[in-house]
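Please walk through this model with me, one stop at a time. We begin at a loop and end at a pair of crossing helices.

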Amino acid sequence: MVRMSAEERRESVIRAAMSEFARGGYHGTSTEAIAKRVGVSQPYLFRLFPGKKAIFLAAAARCVEETIRTFAEASEGLEGEEALHAMANAYTKVIAEHPERLLMQMQTYVAVGAAEEEGDHEFGAAVRDGWMRLWDTVHLPLGADVNETTTFLAYGMLVNCLVAMGFPPEHRVWEGLYPSARTKGRLEH
């Protein structure tokens, strides 16, 4: 059996953390559950990351980076309406195929609110930095139009909420979304 490097283990921890935190949130997920999923001890986990917060922030950063990459790849060489629909289609495909990414996003926003309430502003600053990179990634393909960018991201957040609440693709709540933002037939639970 080939031994994994520390960097490969770190990657395994981030992937496991995304799955665990997506289901249980920051406060409801133990580092023991993450270590068990990866197949390492908790002390080893803490050699890779200084604590639970660092693990969560690494998972949250990975989640936003994957979303940024999804939008950048989908919109490459496109502008305006074509970019909008390409990004919306790519995103609905991702959340259908990798629902843990959607749930991790939602858990991240909840965790920021809780951390801010507890006086931890570093947590929110890190997440907001990622959000701004996401904003910038969609802003240019949408013609650097603030209204288009806001509308696109607002629709995306609505899609996140509807999917997280479990609305099936054929439900009437999807009717008001532009066609590429609809999840018809793609999100089977």
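Predicted model: local features only at pLDDT ≥ 70, side-chain atom pairs only at ≥ 80, totals over all residues.

Ala144 sits in the loop between α7 and α8. The phi of Ala144 is positive, near 50°, and the residue is not a glycine. Most residues other than glycine have a negative phi. Is Ala144 buried, partly exposed or exposed? Its relative accessibility is 40%. Buried means under 20% and exposed means over 50%, so Ala144 counts as partly exposed.

Helix α4 itself has 24 residues. From first C-alpha to last, α4 reaches 35 Å, close to the 34 Å expected at 1.5 Å a residue.

Next comes helix α5, residues 80–97. Its 18 residues reach 26 Å from the first C-alpha to the last. That is close to the expected span, also 26 Å. Which residues of α5 are buried? They are Ala83, Leu84, Ala86, Met87, Ala88, Ala90, Tyr91, Thr92, Val94 and Ile95. These buried residues pack against four helices: α4 (52–75), α6 (99–117), α7 (121–139) and α8 (146–164).

Take the partner α8. The axes of α5 and α8 lie 12 Å apart, at an angle of about 20°. Angles under 35 degrees count as roughly parallel, and α5 and α8 are therefore roughly parallel to each other. Their crossing is right-handed. On the α5 side, the contact uses Leu84, Met87, Ala88, Tyr91 and Ile95. On the α8 side, it uses Glu148, Phe152, Val159, Asn160 and Val163. By class, this contact holds 8 nonpolar residues, 1 polar and 1 charged.

Move on to Arg101, in helix α6. Is this arginine buried or exposed? Its relative accessibility is 15%. The cut-off for buried is under 20%, so Arg101 counts as buried. What does Arg101 touch, apart from neighbours within four places in sequence? Its contacts are Met18, Cys63, Glu66, Thr70 and Val94. Val94 is also one of the buried residues of α5. Arg101 and Glu66 are 35 residues apart in sequence, yet their C-alpha atoms are 8.6 Å apart in space.

Helix α1 covers residues 6–28. The axes of α1 and α4 come within 8 Å and cross at roughly 100°. The two helices are therefore roughly perpendicular to each other.

Methods. Residues numbered from 1 in each chain as written. Heavy atoms only, no water. Expected span 1.5 Å × (residues − 1). Buried < 20%, exposed > 50% of the residue type's maximum accessible area, 1.4 Å probe, protein only. Contact = heavy atoms within 4.5 Å. Axes fitted to C-alpha atoms, helices over the stretch in contact; angles between N-to-C directions. Parallel < 35°, antiparallel > 145°, perpendicular 65-115°, else oblique. Left-handed = near helix turned anticlockwise from the far one by under 90°. Nonpolar A, V, L, I, M, F, W, Y, C, P; charged D, E, K, R; others polar.
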